Amino acid sequence: MKFDVDSLNEEQKEALYETEGVVFVVAGAGTGKTRLLTHRIGYLLDQGVPAYNILAITFTNKATNEMKGRVEQMTDKHVWISTFHSMCVRILREEIDVLDGYDKNFTIIDDEEKRKIVKKLCKPLQLEDEKVNDFSDMIEEIKNKNKENEIDKFLGEKGYNKEEITDFKNVF
């Protein structure tokens, strides 16, 4: 194992040696978080933790690639390092068969694609683009809050009348 514990400060060493449970590290840019995490992965592997029991999550692809590169320099073990999004997609693809009607080749759409779909679905209502965008936002808000019973309230706040609200519900 090629890692240099002496290159870490006392707080980093404390996080490195804590092998039970989760360690929460809060630090600013350039303070050595990636160095600490890669050393921690190396230390865990050195302590006999199987590589398949280690998962490192980052926020960006750039951080993921940086951490993978550093871990590869330290060890020949394959450790799962990914972003939140790619981890979730991987788990979904591996476990999707437990959900009826879904298949591993699903696609995740971005905001632009979502708006195109909503626009197509709303076409029979002959809505102007602004109202289609409002409707798309409403779907997102309801999905995020997991409160489908708020459709009437949301659309009412956006200035839609009862007939328009009923039309929206009929489309979906």
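Start by selecting Val-71 and showing its surroundings: leaving out residues up to four places away in sequence, Val-71 touches Thr-38, Ile-41, Val-79 and Ile-81, where a contact means heavy atoms within 4.5 Å. Val-71 itself sits in helix α3, residues 61-74; helices here are DSSP runs of H or I with at least four residues, strands are E runs with at least two, and both are numbered from the N terminus. Is Val-71 buried or exposed? It counts as buried because its relative accessibility is 3%, and the cut-offs are under 20% relative accessible area for buried, over 50% for exposed and partly exposed in between, using a 1.4 Å probe and protein chains only. Now draw a distance from Val-71 to Ile-57: they are 14 residues apart along the chain, and their C-alpha atoms are separated by 14 Å.

A quick note before you click on: this is a predicted model, where local features need pLDDT of at least 70, side-chain atom pairs count only at pLDDT 80 or more, and totals for chains, interfaces and linings use all residues. Residues are numbered from 1 along each chain as its sequence is written, and side-chain values use heavy atoms, with hydrogens and water left out.

Next, hop to Thr-38, one of the residues that Val-71 touches. You'll find Thr-38 in helix α2, residues 33-46. Which residues does Thr-38 touch, not counting those up to four places away in sequence? They are Met-67, Arg-70, Val-71 and Met-74. Thr-38 counts as buried because its relative accessibility is 2%.

Now pick Ser-82, which is in strand β2. Setting aside neighbours within four places in sequence, Ser-82 is in contact with Ala-56, Ile-57, Thr-58, Thr-64 and Met-87. At 5% relative accessibility, Ser-82 counts as buried too.

Val-49 is partly exposed, because its relative accessible area is 27%. Apart from residues up to four places away in sequence, Val-49 touches Leu-44 and Ile-54.

Time to zoom out and switch to cartoon. The protein chain has 8 helices and 2 strands, and along the sequence the pattern runs α-α-β-α-β-α-α-α-α-α. Along its principal axes, the C-alpha trace spans about 70 × 35 × 25 Å. The radius of gyration is 24 Å, whereas a compact globule of 172 residues would have one near 16 Å; that value is taken over C-alpha atoms, and the globule rule is 2.2 Å times the number of residues to the power 0.38. Buried residues make up 28% of the 172 residues.

Last stop: colour by pLDDT, the predictor's confidence in each residue, from 0 to 100. The chain averages 82, and 91% of the residues score at least 70. Where is confidence lowest, and where is it highest? Helix α8 (residues 162-171) is lowest, at a mean of 63, and strand β2 (residues 80-83) is highest, at 94. Where pLDDT is low, the predicted coordinates should not be read in detail.
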